[in-house]
Amino acid sequence: MSIVSGAMIYFVIWWVVLFAVLPFGVQIDGNVEKGFASSAPKNPHLGKKFLATTLLTAFIWGIIQFIMVYELVRLS
């Protein structure tokens, strides 16, 4: 796998994992101010979610890299 294709696979996996991680731990604020959505989270913890997404993606990408390097699954 080339560096570019590896980076593209990592990028796609990162976005998929991010959208899977975003709903975890969300608490809706009971006191909604005018101009804000009633479904807006009180504290989304985005930094923790980005870190978790990056670590989980690195693990998944490592598994995919291992499979492709040792040709455990042939794509063509």
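The model is a predicted one. The protein contains 2 helices and 0 strands. Its radius of gyration is 18 Å, whereas a compact globule of 76 residues would have a value near 11 Å.

**Overall shape and contacts**

- The C-alpha trace spans about 55 × 20 × 20 Å along the principal axes of the protein.
- Of the 76 residues in the protein, 12% are buried.
- Among contacts with a separation of 6 or more, 67% are between residues 24 or more positions apart.
- The secondary structure includes helix α1, covering residues 3-21, and helix α2, covering residues 46-69.

**Surface**

- The protein exposes about 6,200 Å², and carbon and sulfur atoms supply 71% of that area.
- A nonpolar surface patch of about 850 Å² is formed by M1, F66, M68, V69, Y70, L72, V73 and L75.
- One of the patch residues, L72, lies in the segment after α2.
- L72 has a relative accessible area of 55%, and it is classed as exposed because this value is over the 50% cut-off.

- The whole structure holds 5 aromatic pairs.
- One of them joins F11 and W15 in an edge-to-face arrangement, with 6.3 Å centre to centre and 75° between the planes.
- F11 and W15 are separated by about one helical turn, because they are 4 residues apart in helix α1.
- F11 is partly exposed at 46% relative accessibility, and W15 is also partly exposed, with a relative accessible area of 36%.
- W15 forms a further edge-to-face pair with W14, at 5.4 Å centre to centre and with 85° between the planes.
- W14 has a relative accessibility of 17%, so it falls under the 20% cut-off and counts as buried.
- F11, W14, W15, F19 and F50 together make up one aromatic cluster.
- Within this cluster, F50 has a residue number inside the 46-69 range of helix α2.

**Contact site between Y10 and T57**

- Y10 is placed in helix α1, and T57 is found in helix α2.
- The two residues Y10 and T57 are 47 residues apart in sequence, yet their C-alpha atoms are 6.9 Å apart in space.
- Y10 is partly exposed, with a relative accessible area of 26%.
- T57 is buried, because its relative accessibility is 0%.
- Leaving out residues up to four places away in sequence, Y10 touches T54, T57, A58 and W61.
- With neighbours within four places in sequence set aside, T57 is in contact with Y10, I13, W14 and V17.

Terms used
Residues are numbered from 1 along each chain as its sequence is written. This is a predicted model: local features need pLDDT of at least 70, side-chain atom pairs count only at pLDDT 80 or more; totals for chains, interfaces and linings use all residues. Side-chain values use heavy atoms; hydrogens and water are left out. The radius of gyration is taken over C-alpha atoms; the globule rule is 2.2 Å times the number of residues to the power 0.38. Buried means under 20% relative accessible area, exposed over 50%, partly exposed in between (1.4 Å probe, protein chains only). Contact means heavy atoms within 4.5 Å. Accessible areas come from the Shrake-Rupley method with a 1.4 Å probe; for residues, only the protein chains shown count as cover. Patches are made of residues with over 30% relative accessible area and no salt bridge: like charges are joined within 9 Å, nonpolar side chains (Val, Leu, Ile, Met, Phe, Trp, Tyr) within 5 Å. A salt bridge is a side-chain nitrogen of Lys or Arg within 4 Å of a carboxyl oxygen of Asp or Glu. Rings of Phe, Tyr and Trp (its six-membered ring) pair if their centres lie within 6.5 Å; planes under 30 degrees apart count as stacked, over 60 as edge-to-face and the rest as tilted.
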